[in-house]
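Please look over the sequence and the structure below before reading the report.

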Amino acid sequence: MWKFVIPVAAFVALAVLFAVGLNPHRDIHALPSPLIGKAAPKFDLTDVMDPSRRVDTAALKGQVYVLNVWGTWCVACREEHDELLAIAQQHVVPLIGLDYMDQRDKARQWLTQLGNPYQSVGFDTDGRTAIDWGVYGAPETFLVDGQGRVIFKFISPMTAEVWQNEFVPRIAAARRSGA
Amino acid sequence: MRFLRPTLKLAALLLSSVLSFPVLAAGSVDVYGELENPALQARYEHITEDLRCLVCQNESIADSNVELAADLRRQVREMLIAGKSDDAIFKFMTDRYGEFVRFNPPLTPKTWLIWGAPFIMVAVGAVIIIRVARQRARLPLDDEPASET
């Protein structure tokens, strides 16, 4: 009896382990964010396009918004840029940018040449805001609800599928719950 | 090293590269230099060695040249100078990056499996060895001369 059960059980356990561990769709570098369900970290930064303007989380209070972390050095950000432009066209939700480890003139050039999907872009000069948000790469995209809580984080370039399947329903749910 | 045999030569080469590596690694990263207070410097080294660089996930922020690691080292340094405790610094990091940021996660209900796994493995191995040994002990010794009985 055991001679049969143990090898089969071991095989099933290994098969499950490999199915999860070797799944090509799983990003091994994507880590769960401890911020989910918690208050979004505050920041008050200058705008990349216009240093005299502020990008302040306090001003976003009460509305659902998306924070997209990017930088001109980031190849994957270039990859998702057209998708962000398409999302901005839908006017579903304000897109806030966080320009990370970057230079202002390069960022300006990027947004002028490629188009600017953002309502405003905070310029994180020294990476402190990114640390507060637990950012360890780019692009990273956060969804914040009307009560100022982080409800979702997506690591990797944005795609139309991810936007439709992960973001749109959550935005709708956050608005329905009055948050 | 002309008179060394090839294997010895190789061994010497390996040994010298291994010995020189920590020196090179230590020299490569920190831009701010050491903290003035040696006790703080010791805590700084201890903490940065226990924090994972999330960009290159098998390196600590003490070893990594990545910009994020430099930013996190600066954060640790500033918190130490501000008089924060080690626990406060680790909490700052895990609040933002999760338990994964620590190479030595504390023993909590969520991490007991990580800490317990080696002991479980040894226990399972011991059970298997004991069972096999008992089974073998019950087998007749077939090299006993038949004539003695």
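The report covers salt bridges, a pair of helices and a surface patch in a predicted model.

## Salt bridge between the chains

Over all chains, the count comes to 12 salt bridges. In one of them, the side chains of A:Arg128 and B:Glu78 meet at 2.8 Å, N to O. This pair crosses between chains, from helix H4 (residues 128-132) of chain A to helix H3 (residues 67-81) of chain B.

A:Arg128 is partly exposed, with a relative accessible area of 30%. B:Glu78 is also partly exposed, at 32%. A network of salt bridges links A:Asp126, A:Arg128 and B:Glu78.

## Salt bridges within chain A

A:Glu140 and A:Lys153 form a salt bridge, with their closest N and O atoms 2.9 Å apart. A:Glu140 lies in strand S6 (residues 140-144) of chain A and A:Lys153 in strand S7 (residues 150-155) of chain A, 13 residues apart. Both A:Glu140 and A:Lys153 are buried.

A:Glu166 forms a salt bridge with A:Arg170, at 3.0 Å between the closest N and O atoms. These two residues are 4 residues apart in helix H5 (residues 160-176) of chain A, so about one helical turn separates them. A:Glu166 is partly exposed, at 30%, and A:Arg170 is partly exposed, at 31%.

## Two packed helices

Helices H2 (residues 75-90) and H3 (residues 104-114) of chain A pack at an angle of about 50 degrees, with their axes 12 Å apart. H2(A) and H3(A) are therefore oblique to each other, and their crossing is right-handed.

## Nonpolar patch on chain B

A nonpolar patch on the surface includes B:Trp112, B:Trp115 and B:Val132. The residues of the patch have about 890 Å² of accessible area together. B:Val132 lies in helix H5 (residues 112-138) of chain B and is partly exposed, with a relative accessible area of 35%.

How values were computed
Residues are numbered from 1 along each chain as its sequence is written. Chains are lettered from A and ligands numbered from 1 in the order in which they are written. This is a predicted model: local features need pLDDT of at least 70, side-chain atom pairs count only at pLDDT 80 or more; totals for chains, interfaces and linings use all residues. Side-chain values use heavy atoms; hydrogens and water are left out. Patches are made of residues with over 30% relative accessible area and no salt bridge: like charges are joined within 9 Å, nonpolar side chains (Val, Leu, Ile, Met, Phe, Trp, Tyr) within 5 Å. Accessible areas come from the Shrake-Rupley method with a 1.4 Å probe; for residues, only the protein chains shown count as cover. A salt bridge is a side-chain nitrogen of Lys or Arg within 4 Å of a carboxyl oxygen of Asp or Glu. Buried means under 20% relative accessible area, exposed over 50%, partly exposed in between (1.4 Å probe, protein chains only). Axes are lines fitted to C-alpha atoms, for helices over the stretch in contact, and angles run from 0 to 180 degrees between N-to-C directions. Angles under 35 degrees count as roughly parallel, over 145 as roughly antiparallel, 65 to 115 as roughly perpendicular and the rest as oblique. A crossing is left-handed if the near helix is turned anticlockwise from the far one by less than a right angle, and right-handed if clockwise.
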